[in-house]
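Please take me through this model stop by stop, telling me what to select in the viewer and what is to be found at each place.

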Amino acid sequence: MARIVGGLTSSHIPAIGNAIANKKFDDPYWKPFFDGYPPVRDWLAEVKPDIAVIIYNDHGLNFFLDKQPTFAIGAAPEYHNQDEGWGIPTIAPFKGAPEFSWHLINSLVHDDFDMVTCQEMAVDHGFTMPMQLFWPDYAQANIKTVPLVVNTVQHPLPSPKRCYRMGQALGKAIESYPEDLKVVVVGTGGLSHQLDGERAGFINKEFDQICMAKIVDDPEYFLDMSIHDMVRLAGAQGAEFIMWLTMRGALTGNVKQLYSNYHLPISNTAAGMLCLKNGA
Ligand code: DHB
Ligand code: FE
């Protein structure tokens, strides 16, 4: 049976793409951010997951405001990155795992999560930034991907509780796959940031620290919060934290934090990263 070996989280700020392309790893602005990732890469090289389920929000590349699914999932043989207008280089496609995706879809729909199923899907920075950070040498990494999209761009957004429950159904779906695969679940986005409106530039360090800590040992802390609570505490785009909660819901066993990093500012965003081991 498939096994969930761990959960990762990472912010997905587009500026990271240029910093990677220009190798700014030792630049004083970027170093404290990039330095968080090598220990996680070493852990991934040791554990060698076969599949990464990437929970992210599409920012208008694949779905625009005219059609905005609450939850969507890829079932394609590969996923292409396309120009979103941020001025970051587009990167090579990612391998899909359509059979595995269809297993997840069947199980999730059976458990009352009505996913939009995508047999073609373009992936944006929400997906590609974490992939580049965790698997910088993707061509050599031998890992397949499943993109899972949560709407965080057009209200109404799914509640923290709904996302956590979807994560639990996802965990059950993954671990009922009959092949002996190792799966890692990645939640992207966050932490606090707001890109527009009167509170543009809003950051809430105190709430970020609560998010970083509670997501590990007490994820239920967030379940009675509304999306409006999330927006008030984390900023309009800080509500992307619901994708961390979705990831956390999928972890089925004893969860142990292996690595973490928190650094601000990166562009307009408080950048957070976690590596959680999912044990027996
Ligand atoms: C930024 C952060 C995001 O999460 C995003 O999707 C786009 C931009 C930023 O801080 O620049
Ligand atoms: Fe975003």
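Is K31 buried, partly exposed or exposed? K31 counts as partly exposed, at 34% relative accessibility, where buried means under 20% relative accessible area, exposed over 50%, and partly exposed in between (1.4 Å probe, protein chains only).

Before going on, note that this is a predicted model, in which local features need pLDDT of at least 70 and side-chain atom pairs count only at pLDDT 80 or more, while totals for chains, interfaces and linings use all residues. Residues are numbered from 1 along each chain as its sequence is written, chains are lettered from A and ligands numbered from 1 in the order in which they are written, and side-chain values use heavy atoms, with hydrogens and water left out.

**First stop: salt bridges**

D26 is exposed, with a relative accessible area of 63%. A search of the whole structure finds seven salt bridges.

Select D111 and K172 next, where the side chains meet in a salt bridge with an N to O distance of 3.0 Å. D111 lies in the loop between α4 (98-110) and β6 (116-118), and K172 lies in helix α7, so the pair ties together parts that are 61 residues apart in sequence. Helices (H or I, at least four residues) and strands (E, at least two) are DSSP runs, numbered from the N terminus. D111 counts as buried at 19% relative accessibility, whereas K172 is partly exposed, with a relative accessible area of 48%.

Then move to D218 and K214, which form a salt bridge with their closest N and O atoms 3.7 Å apart.

**Second stop: strand β9 and its neighbours**

Select residues 182-188, which make up strand β9; six of its seven residues are buried, so the strand is largely enclosed by the rest of the structure. Now show strand β1 (residues 3-10), which runs parallel to β9 and is joined to it by seven bridges; two strands pair if DSSP finds at least two bridges between them. Along this pairing, I4 has V183 as its bridge partner in β9, and L8 stands opposite V186. β1 is itself mostly covered, with seven of its eight residues buried.

Strand β2 (residues 51-56) also runs parallel to β9, joined by five bridges, and V53 has V185 as its bridge partner there. To follow β1 in another direction, select strand β11 (residues 269-279), which runs antiparallel to β1 with five bridges between them; here L8 stands opposite C275.

Within β9, pick out K182, which is partly exposed, with a relative accessible area of 26%. K182 touches R3, V5, V47, K48, P49, D50 and I51, not counting residues up to four places away in sequence, where contact means heavy atoms within 4.5 Å. K182 and G6 are 176 residues apart in sequence, yet 9.1 Å apart in space, C-alpha to C-alpha.

Which residues of the largest nonpolar core touch the most other members? Among its 57 residues, they are V53, F100, L104, L170 and I174; a nonpolar core is a set of buried Ala, Val, Leu, Ile, Met, Phe, Trp, Tyr and Cys residues joined through side-chain atoms within 4.5 Å. Helix α7 (residues 160-175) gives the most to this core, with seven residues. Centre the view on I174, which touches A2, I4, V53, F100, L104, V183 and V185, leaving aside residues up to four places away in sequence. Apart from this core lies another, of 41 residues, including Y56, F63, F94 and V123.

**Last stop: a three-stranded sheet**

Finally, select the open sheet of three strands with the order β5-β4-β7 and mixed pairing. β5 (94-95) and β7 (122-123) stand at the edges, each with a single partner strand, so one side of each is left without a neighbour in the sheet. Strand β4 (residues 78-81) pairs with β5 in the antiparallel sense over two bridges, and E78 stands opposite K95 in β5.

Technical notes. A salt bridge is a side-chain nitrogen of Lys or Arg within 4 Å of a carboxyl oxygen of Asp or Glu.
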